[in-house]
Amino acid sequence: MTRNVRRFAVTGVVFAACVCAEPLVRARIAAPSAPAPATYMTEAELMTTLKEAAKSAPAMHTAPVQNADHYRINVVRRTTPQGAIAHPDGTEVHHIVDGGGTLVTGGTIIRPTAAGGRGSTGATIDGGVTRHVAKGDVILIPAGTPHWYKDLDGTITYLEVRFDLPR
């Protein structure tokens with residue numbers, strides 16, 4: 001075989017392979033991508049989101065990590081104490097990542113008559129367990145348990161994981 005014939009034959013084989021493979025490549029490109037096997041967020045991304053959220057909600061702002069039907073995962077920063085609250089359908093885990101404060105859990109939520117609704121800033125807890133929490137602490141708050149960051153040591157930032165338990 002002459003050199004030109006060989007070159008032509010090799011070029012023809014490569015061309016045929018490309019033509020035959022093209023529908024497969026197109027199918028791969030056009031196929032919907034599978035969801036990511038995990039959610040990744042950097043500290044920089046979360047802190048940027050918290051900074052933006054602070055513009056509209058300076059007392060308590062969040063950076064969502066992932067929120068779905070049966071769970072909520074957020075980074076929460078509180079700059080002032082808020083009212084007591086209980087989540088009847090969601091167990092919560094708080095992992096303090098910065099700051100500290102006084103957390104009250106259990107007891108009975110007391111709402112002033114002038115304050116409106118669940119989590120109002122005037123709601124407090126009668127009774128319950130009072131404990132100082134700080135960076136590195138982890139708190140598990142069972143569903144329906146009143147909880148309240150009564151006092152803060154400046155600000156407090158925590159990873160909040162709220163999830164529904166099977167009934």
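Strands here are DSSP runs of E with at least two residues, numbered from the N terminus. In this predicted model, strand β8 gives the most to the lining of the largest pocket, with six residues.

**Model and confidence**
- Residues are numbered from 1 along each chain as its sequence is written.
- The model is predicted, with local features needing pLDDT of at least 70 and side-chain atom pairs counting only at pLDDT 80 or more, while totals for chains, interfaces and linings use all residues.
- The chain averages a pLDDT (the predictor's confidence in each residue, from 0 to 100) of 83, and 75% of the residues score at least 70.

**Pocket**
- The largest pocket holds about 270 Å³ of space.
- A pocket is an open set of points on a 1 Å grid over the protein atoms alone, where a 1.4 Å probe fits, with protein on both sides within 12 Å along at least five of seven lines; lining residues have an atom within 4 Å of a point.
- Its volume is the space filled by probe spheres set on the points.
- Of 19 lining residues, M60, R78, H87, E160 and R162 are the closest to the centre.
- The lining has six nonpolar, eight polar and five charged residues.

**Core**
- A nonpolar core joins buried (under 20% relative accessible area, 1.4 Å probe) nonpolar residues through side-chain atoms within 4.5 Å.
- The largest has ten residues, including V76, L103 and I141.

Notes:
Heavy atoms only, no water. Buried < 20%, exposed > 50% of the residue type's maximum accessible area, 1.4 Å probe, protein only. Helix = DSSP H or I, 4+ residues; strand = E, 2+ residues; numbered from the N terminus. Nonpolar A, V, L, I, M, F, W, Y, C, P; charged D, E, K, R; others polar.
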